[in-house]
Amino acid sequence: MIVLTRIDYRLLHGQVVYAWINFTNADCILIADDTVVNDEFRKKALKLAKPENCKLVFKNIQEAAEALNSGVTDKYKLCIILQTVDDAYRLCKKTDVIKEINFGLSQKKEGSKAVSKAVYVNEEEKQKLIEMMQKGVHIYLQQGPRDSLKSLEDIL
Amino acid sequence: MNHIIVATHGKMAEGIVDTLNLIMGFDTGVKAICAYTEEEVDYVSVIQQEVNSLKPDEQLIVCTDLFGGSVNNACMIFAEEWNVHLIAGINLNLLLQLMVPNTEPIEKALSNIVASAKDGLIYCRHLEGNADEMDF
C-alpha cells in the first residue's frame, strides 16, 4: 500500500524522515530517481539519514514502475519520494498505482512561478501536472503533515 | 504522555527547539530553558514546578546541553525521580527521535534513543557503511 508519494527536490531530509514517515507510519521508502541510483556517495548518505526500522530502496524511474506494477511493494506501507515533477510525470506514465501526489518542495528556477511558499513550477511542469490530474491523480500541496492541505487544481 | 524540557547554558535551548519545530512543521510543545540569560530565573524551581504538575501517567524528559556542566549538575537532583528522565549532551537527532511515537517502556526507549542519537554525529569525509542495494 502506498501511504505517501511526495515530490521533494531534497529527497530524504529531516522533515520527510521525522515528520512524514512518523505521520504515515511508512515502513519502506522508495527513492525513484535516475541520478541517485548511480551516485554511491549520495546513496550512502541517504542510507545514514533513513529512519530506523524503515527499509530504503533506490530505483530508477523505469524499475520503480516495474516494481510497483509487479505487486512486490504491496506488503509495505510505502513512501515514494521523487525529486521533480518530471520524475512524477514519467512514473505516472508507466504505472497507474499512484492515486495521490504530495507536492512538497520544488526548486525555484528560470521561468518558474510560485504556487505556494516552497513550490515553484514552470510552464512545462504545469502542463505535466495538469495532464496527471486529468488522468485522475490527486495532486495536493502540503509541506508538513500538520499543515493544511490544498488541492493543486484549485490553484493552477 | 511525555513532557519535554530542554535546559542549556544560554540560548541553545531556544534555538534547538525552534529548529525542532521547523522540521516537524508544528509547535511540538517542547519547553526551552535558557539558563543564565536572565539573572532572576531559577531554572531548577521551574523544572520542579513542572515535575509537581505531572499527572500520575505522565513523564518528564529533561535534556541538558552538557554532562558535567552546571545546568546538568543542578538537574541531577531529578535523575532518579521515578517520573523524570534526565539526558545530558543534547543534539537535534535526540530531540527528533523523541518525537517518534514509541510503545516500549520509557527507560528502554530512552536508552535506545540515546545510543542512536550518538550515532548521529558523523564526520562526513569518510562515510561508514555501504551503498549496497536493498530491494523489496
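The lining of the largest pocket consists of 21 nonpolar, 13 polar and 7 charged residues; Ala, Val, Leu, Ile, Met, Phe, Trp, Tyr, Cys and Pro count as nonpolar, Asp, Glu, Lys and Arg as charged, and the others, Gly among them, as polar. The model is predicted, so local features need pLDDT of at least 70 and side-chain atom pairs count only at pLDDT 80 or more, while totals for chains, interfaces and linings use all residues. Residues are numbered from 1 along each chain as its sequence is written, chains are lettered from A and ligands numbered from 1 in the order in which they are written, and side-chain values use heavy atoms, with hydrogens and water left out.

**First stop: the largest pocket**

Select Tyr18(A), Lys50(A), Pro51(A), Glu52(A) and Gln97(B), which are the closest to the centre of this pocket among its 41 lining residues. The pocket holds about 1300 Å³ of space. A pocket is found on a 1 Å grid over the protein atoms alone, as an open set of points where a 1.4 Å probe fits, with protein on both sides within 12 Å along at least five of seven lines; lining residues have an atom within 4 Å of a point. Grid points are joined across faces, edges and corners, and the volume is the space filled by probe spheres set on the points. Next, colour α1(A), which gives the largest share of the lining, 5 residues. Helices (H or I, at least four residues) and strands (E, at least two) are DSSP runs, numbered from the N terminus.

**Second stop: the second largest pocket**

This pocket has a volume of about 690 Å³. Select Ile4(B), Leu98(B), Met99(B), Val100(B) and Pro101(B), the closest to its centre of the 30 lining residues. The lining comprises 18 nonpolar, 7 polar and 5 charged residues.

Which residues touch the most other members of the largest nonpolar core? They are Ile29(A), Ile31(A) and Leu98(B), in a core of 43 residues. Such a core is a set of buried Ala, Val, Leu, Ile, Met, Phe, Trp, Tyr and Cys residues joined through side-chain atoms within 4.5 Å. Buried means under 20% relative accessible area, exposed over 50%, and partly exposed in between (1.4 Å probe, protein chains only). Now select Leu11(A), one of the residues that Ile31(A) touches. Leu11(A) lies in the loop between β1 (2-8) and α1 of chain A, and its phi is near 55 degrees, a positive value in a residue other than glycine. Leu11(A) counts as buried because its relative accessibility is 0%.

Move to strand β5 (residues 100-105) of chain A, where Asn102(A) lies. The relative accessible area of Asn102(A) is 0%, so this residue is buried. Its side chain reaches the backbone oxygen of Gln142(A) at 2.9 Å. Beyond four places in sequence, the contacts of Asn102(A) (heavy atoms within 4.5 Å) include Arg6(A), Trp20(A) and Tyr140(A).

Select Asp65(B), in the loop between β3 (59-64) and α3 (70-75). Is Asp65(B) buried or exposed? Asp65(B) counts as buried because its relative accessibility is 14%. Its side chain makes a polar contact with that of His9(B) at 2.7 Å; a polar contact is a pair of N or O atoms within 3.5 Å, where, within protein, one must be able to donate a hydrogen and the other to accept it, and residues adjacent in sequence count only if both atoms are side-chain atoms. Finally, select Tyr36(B), in the loop between β2 (31-35) and α2 (43-52). Tyr36(B) has a positive phi of about 65 degrees although it is not a glycine, and it counts as partly exposed at 49% relative accessibility.
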